[in-house]
Amino acid sequence: MRTSVMSNARWIAISQVVSVGVQLLGLMWLSRLLTPADYGLVAMAVVVTNFASLLRDMGTASALIQKEDLNEETVLTCFWFTVAVGVVLGIAVVGSAPLAAMAFKAPGVTGILLLLAITFPVLGSTTVHQALLERASRFPLLARIQAVAAVSGLGVGVIAAYQGAGAYSLALNFLTHALVSSTQLWMASPVRPRWFWSRHEFRGIRRFSDYLVAFNFINYFARNADNMIIGRFLGAESLGLYSLAYRIMLFPLQNLTFVATRALYPVMSRQQAVPEEMATLYSRALSVIAFITAPMMAGLFVLRDLFIVVVLGDRWIPIADILAWLAPVGFLQSLMSTTGSVLLARGRTDVLFYIGVVGTTLIVLSFIIGVRWGAAGVAAGYFFVYVVAALPVFYVVFRVLGRGMSRFLRSVLTPMILAGLMVLVVLGCRAVLPISDLPSAVQLLLLVLAGAGSYAAIAFVFARQSLRDVFRFLGRR
């Protein structure tokens, strides 16, 4: 089982390395061509499309992967269901566009939503195709598909930005990515649909997915309440600054955690009757994630000013205060976002739902309180809720696996201590070394090298097992 996860993870990681590179390149390129208000408009539109995305497959993709015995009748029933939902959601987004513009007091949101609405029927037609490829661990193929789609989307977005498309260039990026990935999935998948519908098969899938859909609704407000509140009370420019800071924070979450959860879920679903093996595998995965994201987020926290100047440009300096709070949130999210895969693999979507209810309530309250101190206050609220919620959530997850919290603590405390020592080294180098007169890019490079080198050296002495796990994740013996 461990070998299968590592094989899956390597190929997903290759896909995500390309994706991260494309995202960073796009961030550096487009942030110099677009304004904070452009990013703010798209962030407002994404509040609507994220809500619609909750219903895109109604949990059927996860159910197809988790189901022990799968037949053609189930596949065809899910296919026609997701196609119909995609068409309905596309129409609903078009109809909601004027209402969203009124709610945010931003007329420009309407056109962006009309463009993004096209993605729903497109992606709905290939939801089952992708789920079956993941179930079969066809991750080399999926890696190629996602890499081609990411590069294509960036190319179209940059060309549109140079042509003066403004916020529409970001929307065209999303649309191109959806079209290119869906086209490839149709070509790669053996699924060739014929009309079939089984009420019995649909009810069987729904028994698994009902709680998952409810959780996704709850989780939507946790993920988007900050955008709603900032956009409504602080305006497009503040939302643009916050959304870009949030995107930077999400890089490890969207990529490393995405790799781990996608690699773990199909394998753990096949081993759902052996919770002891699942617990061991999950603990090792948490250790690898923490070992990588702890220094990344600690480094981002301590070097955020240089990072912003070098990567985004001087006009984005105001997001430094927001990143100060979001960087530690990124570390905590990279760990907590894996819990859903464990609960899904065990079929405990009910537990996932109840966790979502409590967590979302706390998060939304923190945003309402924090907005009086601006976008940075919202980010601070995010941080405090994650600090409070982390231990109880992992306690519940390990109880579902029949294990105690000691495994979790051993998995994450060592990387956190190593990252803290690395921060001290970086701060010392910045204070002592005569580098302040060097160009910002050179300063950033030197300090990153100092941090990475010190972290690797300390880990080699005190955490060799974690290093070995990371090397296995990267495909080395």
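A contact here means heavy atoms within 4.5 Å. The model is a predicted one, so local features need pLDDT of at least 70 and side-chain atom pairs count only at pLDDT 80 or more, while totals for chains, interfaces and linings use all residues. Residues are numbered from 1 along each chain as its sequence is written, and side-chain values use heavy atoms, with hydrogens and water left out.

On to the overall make-up. The chain has 20 helices and 0 strands, both taken as DSSP runs numbered from the N terminus (helices: H or I, at least four residues; strands: E, at least two). Of its 477 residues, 55% are buried, where buried means under 20% relative accessible area, exposed means over 50%, and partly exposed is in between (1.4 Å probe, protein chains only). The accessible surface comes to about 20,300 Å², with carbon and sulfur atoms holding 67% of that; the areas come from the Shrake-Rupley method with a 1.4 Å probe, and for residues only the protein chains shown count as cover.

Asp 226 is worth a look. This residue sits in helix H10 (residues 199–233) and counts as buried because its relative accessibility is 1%. Its side chain makes a polar contact with the side chain of Tyr 242 at 2.7 Å. A polar contact is a pair of N or O atoms within 3.5 Å; within protein, one must be able to donate a hydrogen and the other to accept it, and residues adjacent in sequence count only if both atoms are side-chain atoms. Setting aside neighbours within four places in sequence, Asp 226 touches Tyr 242, Tyr 246, Phe 367, Val 378 and Tyr 382.

Helix H13 (residues 304–311) has Leu 306, Phe 307, Ile 308 and Val 311 buried. Just after H13 comes Gly 313, with a positive phi of about 110°.

Most residues other than glycine have a negative phi. Lys 105 isn't a glycine, yet its phi is positive, about 55°. This lysine lies in the loop between helix H4 (72–104) and helix H5 (109–116), and Lys 105 counts as exposed because its relative accessible area is 64%.

As for the cysteines, a disulfide is a pair of cysteine sulfur atoms within 2.5 Å, and by this rule the count is 0. Cys 78 is buried because its relative accessibility is 3%, and Cys 429 counts as buried at 18%.
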